[in-house]
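Please open the model in a viewer and keep the selection panel at hand.

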Amino acid sequence: MSNYIGQSIKRREDDRFITGKGKYTDDIVLPKMTHLAFVRSPYAHAKINSIDTKAALAHPGVVAVYTGEDCGNFGVPCGWQVNFKNGDTMKEPTHPLLAVGKAKHVGENVVAIIAETLQDARDAAELVEVDYEELPAVTNPNAAIQPGAPQVHDDIPNNVVFDFALGNPKEEVDAAIDGANHVTKLDFKNQRLAPNAIEPRSYIADYDVTVDKYTLYTSTQNPHLIRLLMCAFVLGLPEHKVRVISHDVGGGFGSKIYHYTEEALVTWASKQIGRPIKWTSDRSEAFLTDAHGRDYVTTAEMGFDNNGKIVAFRVHSDANLGAYLSTFSTACPTYLHATLAQGCYTTPLINIDVTATFTNTNPVDAYRGAGRPEMTYMIEHLMDTAALEMKIDPVELRKINFIPAFDGVNQPGYQTQVALQYDSGDYHATLDRALEMVGYDQFRKDQEEARKNGKLLGIGFSTYIEACGIAPSAVVGSLGARAGLYESAHVRVQPTGSVSVFTGSHSHGQGHETSYAQFVADTLGIPMENVDIIHGDTNEVAFGMGTYGSRSLAVGGSAIMKSLDKILEKGAKIAAHKLEAAVEDLEYAEGKWTVKGTDKSIAFGDVSLTAYVPHDYPEGLEPGLDFSSFYDPANFTYPFGTHIAIVEIDKDTGKVTLKRFIACDDVGNVINPMIVEGQIHGGVAQGVGQALLEGVDYDENGQMITGSFMDYAMPRADDFPFFETDRKVTPCPHNPLGVKGAGEAGAIGSTPAVANAVMDAISHLGIKDIQMPITSERVWKAMNS
Amino acid sequence: MLMKINVKVNGKDYTSEVTPMMSLAAYLREVLLLTGTHIGCDTSSCGACTIKMDGKAVKSCTILAVQADGSDITTIEGLSQNGKMHPLQSSFKENHGLQCGFCTPGMIMTAENLLSENPHPTEEEIRHGLEGNFCRCTGYHNIVKSIQHAAESN
């Protein structure tokens, strides 16, 4: 007992998954359930002249057919307001549940058909006739703001959502760049990615006329957020009439945070027809409509003095937000991005300038890392490129520029030039350990030898930092968030001493049912088997904000700790009464209160029973042992680490093979090392995927040309070696568990390491840079041009 | 039009009437309510729907239910015997070979097929053998380890 924290306890949720008994939304079948299929726009930009649904309505099995005219007043909102530099509010067009007047990207919902079976609905969809008038489309964020570009929204000039700047005054940064001893300048196209959770989005809405209540089963990362957005901002429903349930969810990576049009549509339509409705995305729809990630066109410059110290960092980006503003889209290229521009370095002057644009493409939002991978890619790719240009070892260049170690307790946090204050960090420690793991000196010898033998080997570094555990409500509120970002926890001790924990965070692969039970059991000194973790149902759980931004343990776990403190505080009063001692004379350990220095004690279960059978009980104390808490963090958390990639490039084909990948991360304290390592592995795989394989492409007409697994290169098992991982621990100084979060680290750190390794392998051939994804074709062309 | 099929699934005989358009994956999920077989793409790319049919691993999303007439099928639900988990199932749990669990049934069924053909595969053979199955959570690291460990205990 009492030693679960730090152990790789096997996951309790696995039993249902490995036996095929997981309960994903599409697995649910309700009585009288109907099925919904969409007619989606085949054009990126088209006027809708008319829609003829007569034949579809007449198709056997069809229950109802809806167009934008039926529900055109409803639109899904954006959850984060960013203002123009001049203070004007960002442009925020309505995002209708079904297109009204114009379709603005390929795949936009135009008509919804509800039928007895999915096949009936799909067959009827084929019978809908939409008269489209195709309009010129724009897909590139930079092209979108040029004069004469097609206008996505007729009333939004130049397709500009907002412009934005953060950091030091631009003229100071400009002067420092102008005066720098060396400037490294790179153009970046941080390509658009498809999140591709293997479980497609799935929604079932069930309106119950007898009680005038709705139930929405949804594959979401944050059921309460969906309920709030849908009820308050879309359908105008009172929240107590709506229950949102999110059982098992097959991966999210950000894409299942957002409130999607389909979610609100099935809910609305379920009341119209008085029956349950299921919609499950197929993969083609997922490619076309699951919010994408990244998509920036950027120029970035880093200036150095003659000792290799960074003197200034300047960035201008055009960020593509797609045709409409998805829930957190506006935060990604701004407050989740520009705020990371300090990296791990003492850069004294920084200016980040971003123009966010509408294009005729699917909306873009947070995808694993959300703004932070893009910034980290720029900084870390500039560092290795600058090292090559200045002929300084990339490790040395980093060490020259690192912020010195600080623990946030004895030394203060580090105030960046871009708003954030880092909590604690020791960047040398993870770098030194990673160098040891990789055997750096030996590698350089091997590389030289390999070159003599005609082989191209390269090593790439990335010493990243991230801001996660989002976030203090007051801070994000001041930056435009239209929600708080606390978390809720309700701990209910049952009379016989077992414990139910209701958390507002959500597990869709992270293993909360296990790792949360570990620290709850340790804190209470009871067996893990006596602890249950419940999430994903708005009727069971207090209002919670869900899981994204590596926030579950840092924020959700802290909320649970607050409730556990209250449990133990009240329990001590009951124990003191039963033991006829003063509370101050008790100590709690191993699941019992003991009078210090004696063998008089009372067990947790006896105290809980007393709380619910309060016959002999402290005067004035309420019965029961049941506490709710909300935890609003004091700061973001700042995990960091060093990732090193070694690649080999085939001279004849340009194929990049990842030979080794080393990650030494510091995510603060760790509850379950096995789960944390798994998070790192998965993040690294996604980051490597961006570096070498993945990319959503639209053609000049706005047609997606990577809309299937045959066209979009998802990483497969044989694209990777085993990853080599280790950790350092710098506890978070401002939350009770000392944890920082591990969900995004892998995806943030790995991408530049791989790109840097490629350049290290081939830059001696005179190649300056290759844009991601660094495919065989691009490498071959660069080597043969 | 409905067509009659006879199939044996996880040792049990079923006779059903299905539409000619119904995929085997949909039949298993919607008619037999064996929802452990998942659908991730409809195009044989992701492998979440992998089952065993007449001794071979197949992707049930691109086989019609009527094509399965007369066949002997094993799904993830039929892998445990007498309440005891298959060594691959235990190994996936033991080695953290899954996170969200959605690709897992297909991964395990593919791995079962792989080990039945090649009981002691190399790492490379395992990675190659998983080419038809996507996982977005694990980076495949612990999936490969799970299969290695299951093979060692063979």
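Begin by selecting A:Gly439, which follows H12(A) and has a positive phi, near 70°. Helices (H or I, at least four residues) and strands (E, at least two) are DSSP runs, numbered from the N terminus. This is a predicted model, in which local features need pLDDT of at least 70 and side-chain atom pairs count only at pLDDT 80 or more, whereas totals for chains, interfaces and linings use all residues. Residues are numbered from 1 along each chain as its sequence is written, while chains are lettered from A and ligands numbered from 1 in the order in which they are written.

**Helix H12 of chain A**

Next, select residues 427–438 of chain A, the 12 residues of helix H12. At 1.5 Å a residue they should span 16 Å, and the end C-alpha atoms are 17 Å apart, which agrees; the expected span is 1.5 Å times one less than the number of residues. Which residues of H12(A) are buried? They are A:Tyr427, A:Thr430, A:Leu431, A:Ala434 and A:Val438. Seen down the axis of H12(A), these buried residues fall within an arc of 100°, so they line one face of the helix. The arc is that of the directions from the helix axis to the C-beta atoms. A residue is buried if 20 or more other C-beta atoms lie within 10 Å of its own, exposed if 12 or fewer, and partly exposed in between, with C-beta atoms placed from the backbone.

**The nonpolar core**

Now select A:Val111, A:Ile113, A:Val520, A:Val754 and A:Val758, which touch the most other members of the largest nonpolar core, a set of 294 residues. Such a core is a set of buried Ala, Val, Leu, Ile, Met, Phe, Trp, Tyr and Cys residues joined through C-beta atoms within 7 Å. Helix H19 (residues 745–762) of chain A gives the most to this core, with 11 residues.

Centre the view on A:Val754. Leaving aside residues up to four places away in sequence, A:Val754 touches A:Gly460, A:Ala645, A:Val647, A:Leu658, A:Val688, A:Ala691 and A:Leu692. Contact here requires C-beta atoms, placed from the backbone, to lie within 7 Å.

**A:Lys566**

Select A:Lys566, found in helix H16 (residues 552–579) of chain A. With 16 C-beta neighbours inside 10 Å, A:Lys566 counts as partly exposed. Beyond residues up to four places away in sequence, A:Lys566 touches A:Phe627 and A:Ser629.

**Chain A as a whole**

Zoom out to chain A, which has 20 helices and 30 strands. Buried residues make up 58% of its 785 residues. Along the principal axes, the C-alpha trace of chain A spans about 85 × 75 × 50 Å.

Finally, select chain B, which holds five helices and five strands. From the N terminus on, the elements of chain B run β-β-α-β-β-β-α-α-α-α. Of the 154 residues of chain B, 56% count as buried.

How many residues of chain B are in contact with chain A? There are 43, which meet 42 residues of chain A. The elements giving two or more residues to this side of chain B are helix H2 (87–94), helix H3 (104–117), helix H4 (123–129) and helix H5 (141–152) of chain B. By class, the side of chain B that touches chain A has 18 nonpolar, 18 polar and seven charged residues. Ala, Val, Leu, Ile, Met, Phe, Trp, Tyr, Cys and Pro count as nonpolar, Asp, Glu, Lys and Arg as charged, and the others, Gly among them, as polar.

Note on methods
Two residues are in contact if their C-beta atoms, placed from the backbone, lie within 7 Å.
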